[in-house]
Amino acid sequence: MAQVEATTERVVTGQPDDVFDALADYNGTRSKLLSEHFSEYEVREGGDGEGTVVHWKLQATSKRIRDCLLDVSEPTDGELVEKDRNSSMVTTWRVTPAGEGRSRVVVTTVWDGAGGIGGFFERTFAPKGLGRIYDEVLAKLAAEVEK
């Protein structure tokens, strides 16, 4: 098994603290940011950053649906980590300054991929697909914080 990684980033207008707070607001803002690839969104514990437990289903392709139960942590300032209890998937959101009144948001997801030919296709195509999904989420984040 090889590790698979997908990374997407966007610069948005907004102070880093405000952008981070929007991402960490699982009770309010976060559900507005999700694309049609996400369903059954539910905050099960907490709801604001560290200590939150959130559930959703992620439909990456017409045949691939991942049932995610995520523990949220904030290991450093500007960093939000979502670890899936149901798989090896870990998504890290990093918000850093990007000039006056702007923030760079980088989202990276890693997981242990399959072996063999299936793993080859997963490593080749899954990062692009997940990148498109998170690009849509980042576009919605930009629209939300730029209001």
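Predicted model: local features only at pLDDT ≥ 70, side-chain atom pairs only at ≥ 80, totals over all residues.

Trainee: Is strand 5 mostly covered or uncovered?

Mentor: Mostly covered. Five of the six residues in strand 5 (residues 79-84) are buried. Buried means under 20% relative accessible area, exposed over 50%, partly exposed in between, with a 1.4 Å probe and protein chains only. Strands are DSSP runs of E, at least two residues, numbered from the N terminus.

Trainee: In which sense do strand 4 and strand 5 pair?

Mentor: Antiparallel, over four bridges. Two strands pair if DSSP finds at least two bridges between them. Val-72 has Glu-82 as its bridge partner.

Trainee: And how many bridges link strand 5 and strand 6?

Mentor: Five, also antiparallel. Glu-79 stands opposite Arg-94 there.

Trainee: New topic. How many aromatic pairs are there?

Mentor: Four. Rings of Phe, Tyr and Trp (its six-membered ring) pair if their centres lie within 6.5 Å; planes under 30 degrees apart count as stacked, over 60 as edge-to-face, the rest as tilted.

Trainee: Why is the pair of Tyr-41 and Trp-56 stacked?

Mentor: Their ring centres are 6.1 Å apart and their planes are at 10 degrees, so the pair is stacked. Tyr-41 is in strand 2 and Trp-56 in strand 3, 15 residues apart.

Trainee: Is Trp-56 buried or exposed?

Mentor: Buried, at 3% relative accessible area.

Notes:
Residues numbered from 1 in each chain as written. Heavy atoms only, no water.
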